[in-house]
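The sequence and the structure are shown first.

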Amino acid sequence: MDFTVEVNRSLRVLDGLVFLFSAVDGVEPQSETNWRLANNYNVARIGFVNKMDRSGADFLKVVKQVKEMLGSNAVPLQLPIGAEDTFKGVVDLINFRGIVWNEHDKGMTFTEVPIPEDMVEEATEWREKLLESVAEYDESLMEKFFDAPETITEREVLDALRQAVLDAKIVPMVCGSSFKNKGVQTMLDYVMELLPSPMDVEGIVGHHPDTEEEILRKPDVNEPFAALAFKIATDPFVGRLCFIRVYSGNLDAGSYVFNMRSGNKERISRIFQMHANKQNPIPNVGAGDIAAVVGFKDIKTGDTLCDEKHPIILESMNFPEPVIGLAIEPKTQADVDKLGMALAKLAEEDPTFHVKTDEETGQTVISGMGELHLDILMDRLKREFKVEVNQGAPQVAYKEAITGTTQHRETYKKQTGGRGKFADIQVVISPIDADYEKGGLQFVNEISGGSIPREFIPSVEKGFAAAMANGVLAGYPLPDMKVRLIDGSFHAVDSDALSFEICARSAFREALPKCKPVLMESNIKYAVYRDVAEVT
């Protein structure tokens, strides 16, 4: 869960993925979370069951779990020869042959062997299940399956299987031990054979910024340019790198693109093809490609980049709120400015990493998805930015909520000789309505007869909205509440917008303790009340 943001933004721009399972642990909680994410983005996938040489490994048990727990049609393409310490090869159900990896070169090469006698019956049964699953995707294959299954060729099976994977009807399952390089090449071969190329997708659907009508951009270099910025990274040599997935058109180094969020044209100075340990400059990037570009002055994760004459807005990404916080401070006074710059760069790269200054204590509080997430960021501060920090104990990022309703009258008066300050409001504060989906402040103006002039009403709303950042229980944010402004009064000379804003803030502090406030634990998608008895 600490790396939710990496998984989320990768799945948003990929056409296919290899889903990794442990042969020992099977389907884990994070597997279910990531599987749902992959379903949301309709990404075709292959399952790879890893760690087959570990004690307790069971390939078919994991296949069964993928079927039952993830609700998918998992179909094995292999059966392991041996398991745990004796794992040495697989039976290929498509070619119906045995493969044993050579130990002398750590699994880089393999030898074809006859299927072990004690596995022939089981292998025949699973091959029939495989052919039955893919036969419905090819009529000629269906006929052969019933009449002469022995005449079915490897190519026919792969073509039908590919179509099934593209339609997300089948998840092919393979196995191996990546630590010993066993099964990795086969898995990569299946990536090439079964997973979609960018050209297999009909196109990406976006919206016109003015008319909101749907626009389809096909994966063609002759279409207008459209790309999504899905990741921002800081490189010590070239500065800020922006990773983009190009959905249509072509982009040359040195040319300009239009950022739909900022409304600015930006010049792309260089384009890089990224590798794990190096980056190669390339002259251009086309439809279906992923590359990193340099030159943006203003860019954020999820921005749509396009041709100015053909505007389009692509669906952005939603990131969960942080769940854990940590107070930090620089070890030396000299590092104060460096720390601020470093945290700003890290927050720009990672949308689930938040930095704020606690107004009451003056502490810098960083928030993330888990302790491991924050540990890695602390390590990066030290390693990349050369900033040493002291850190406090992690704190759960709570939120507050109100469970009751109260009516309150607040009057704000200040007389200092000359023009004073005056505001008077009467409000009803309660939880938001069940059918109010926006969240935040649900503000209802019920003033009639001009008891408060119309120009001061937005200031009352602004005051309540600002006050929600710090609740009355422990200073945690209040995600939502409803305020009905029912009455009030004003002074012809002393009343102004600021008076009503300050009055609203005071009303918030005075009235909220009467609304039965409770603490909520902030979770990824929902909030859990701590005190259930008080809520009920």
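In what follows, a helix axis is a line fitted to the C-alpha atoms over the stretch in contact, and angles run from 0 to 180 degrees between N-to-C directions. The model discussed here is predicted.

Helix α4 covers residues 120-135. At 1.5 Å a residue, its 16 residues should span 22 Å, and the 22 Å between its end C-alpha atoms therefore agrees with expectation.

Helices α4 and α5 pack with their axes 9 Å apart, at an angle of about 145°, and the crossing is left-handed. On the α4 side, the contact involves Glu128, Leu131, Glu132, Val134 and Ala135, while α5 contributes Leu141, Met142 and Phe145.

## Buried residues of α4

Which residues of α4 are buried? They are Ala123, Trp126, Arg127, Leu130, Leu131, Ser133, Val134 and Ala135. These buried residues pack against the helices α3 (59-70), α5 (139-147) and α6 (154-166), and also against the strands β3 (74-76), β4 (78-81) and β5 (89-92).

Val285 belongs to strand β18, which comprises residues 284-286. Its relative accessibility is 1%, under the 20% limit, so Val285 counts as buried.

Beyond its neighbours within four places in sequence, Val285 is in contact with Val246, Gly249, Asn250, Leu251, Ile271 and Ala291. Val285 and Arg245 are 40 residues apart in sequence, and their C-alpha atoms are 9.4 Å apart in space.

Technical notes: Residues numbered from 1 in each chain as written. Predicted model: local features only at pLDDT ≥ 70, side-chain atom pairs only at ≥ 80, totals over all residues. Heavy atoms only, no water. Helix = DSSP H or I, 4+ residues; strand = E, 2+ residues; numbered from the N terminus. Expected span 1.5 Å × (residues − 1). Buried < 20%, exposed > 50% of the residue type's maximum accessible area, 1.4 Å probe, protein only. Contact = heavy atoms within 4.5 Å. Left-handed = near helix turned anticlockwise from the far one by under 90°.
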